[in-house]
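Open the model in your viewer and keep the selection tool ready. Each stop below tells you what to select and what is there.

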Amino acid sequence: MEFMFNEEQKMLRDMVKEFGEKEIVPVMAGYDRTGELPMELYKKAMEMGLHALEIPVEYGGAGLDVLTACFIQEELAKYDAGFAAGLSATGLATKPVLIAGTEEQKKMFTDVIVSGGIAGFCLTEPEAGSDASAVKTNAVKEGEEYVINGSKCFITNGGIADIYTVIASTDKGKGVKGLSAFIVERNRTGISIGKEEDKMGIRLTNTTDVVFENVRIPESNLIGKEGDGFKIFMKTLDLSRPLVGACTVGICQTAINHCVKYSKERVTFGKPIAANQAIQFMLADMEIQTEAARQLVYSTASLIDAKQPHSKESAIVKCFATDIAMKVTIDAVQIFGGYGYSREYPVEKLMRDAKIFQIFEGTNQIQRMVVASNMLR
């Protein structure tokens, strides 16, 4: 797909490739085993602006279009999808502000990020994941302030963020129409970090509960108007889902690369297993499916860049690409046989990493509901 990208885009890709090979590959297996967060690695990536790909140039970011950001995210995820997701989570948290924030809010939030800060997107709660109407975190207006109380869970960057975008209810009686979006700085009194998740995959990310107890913020931290929160956060997820797809395409490509190499080296019955048609067909299917997912990522990103409707397409690409990543990585383990099940070989990690992408930023069951509702509307 080189023809789709100009020389500047390819130079960015090559920069990420060099970073991945020199900085990520030598340490990722160790961090995956311990679950320790590689903060020095994150700092190096942030110095390169890899957490601020889509922040406009006027606010100090890279100002990349969505297609280029997906291209870069795919490359980064080839080395470690968890690390890529952790960086991307800052962009996810920034999107609500860029979508609906005032000029002052945009400058305030992006100043934190471009100076090396990290952000967290606080939507999910213990009883409110796919069902946003069940959000219990509330924000009560008191004079010129809002007081926030509640608990969020499974928040990527939750324990290391400098700033959050938070969805909370300002009117319980209105369901999702009573949800509002807020900027909440980490240093506000009353914010605490709950348990850190010991995850199956993407272990190079920080995932925690974030608890708000009588957290006071100025009314100027409300994004948009009261009741706009659900709409703003859904627009945010529509914009971010191609990047999720790009991450899983990166996982798939790495799995394919490992399988091609291994199938040429592994000898059974006197010949490399690559000579067996059964293996060849598995490899071919992996390649076909990955290329189809890649094209969906690029086409959806291009739709967004052209400012065309994209809600259905974003759901399609998130659902398809992440389902394919699971299939491709399971097949990769199969091709490696018993070695595929061993942590001494790389493909079991890819399978563990791939699974979460079918779940977060809207489960694939929810994506199918979005697609169907668009079809039947």
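## A tour of the pocket, a helix and a cavity

The lining of the largest pocket holds 24 nonpolar, 16 polar and ten charged residues. Here Ala, Val, Leu, Ile, Met, Phe, Trp, Tyr, Cys and Pro count as nonpolar, Asp, Glu, Lys and Arg as charged, and the others, Gly among them, as polar. This is a predicted model, where local features need pLDDT of at least 70, side-chain atom pairs count only at pLDDT 80 or more, and totals for chains, interfaces and linings use all residues. Residues are numbered from 1 along each chain as its sequence is written, and side-chain values use heavy atoms, without hydrogens and water.

Select Thr124, Ile359, Phe360, Glu361 and Gly362. Of the 50 lining residues, these are the closest to the centre of the largest pocket. Its volume is about 1,200 Å³. (On a 1 Å grid over the protein atoms alone, a pocket is an open set of points with protein on both sides within 12 Å along at least five of seven lines; a cavity is a set where a 1.4 Å probe fits but cannot get out; lining residues have an atom within 4 Å of a point. A volume is the space filled by probe spheres set on the points, which are joined across faces, edges and corners.)

Now select helix H6 (229–265). H6 gives the most to this lining, nine residues. Helices (H or I, at least four residues) and strands (E, at least two) are DSSP runs, numbered from the N terminus. Other elements that give two or more residues include strand E3 (145–156) and helix H10 (364–376).

The stretch 227–375 is 76% helix and 3% strand. Its end C-alpha atoms are 27 Å apart.

**Stop three: helix H1.** Select residues 7–34. What bend lies at isoleucine 24 in H1? A kink of about 50°, shortly before proline 26. (The bend is the angle between axes fitted to the seven residues ending there and the seven starting there.) Ile24 is buried, as are Phe19 and Asp32, among others in H1. (Buried means under 20% relative accessible area, with a 1.4 Å probe and protein chains only.)

**Stop four: the cavity.** Count the cavities of 30 Å³ or more: there is one. The largest cavity has about 40 Å³ of space. Select its lining, including Tyr42, His51, Thr90 and Asn157. Helix H4 gives the largest share, three residues. The lining has five nonpolar, four polar and no charged residues.

Definitions and conventions. Buried means under 20% relative accessible area, exposed over 50%, partly exposed in between (1.4 Å probe, protein chains only).
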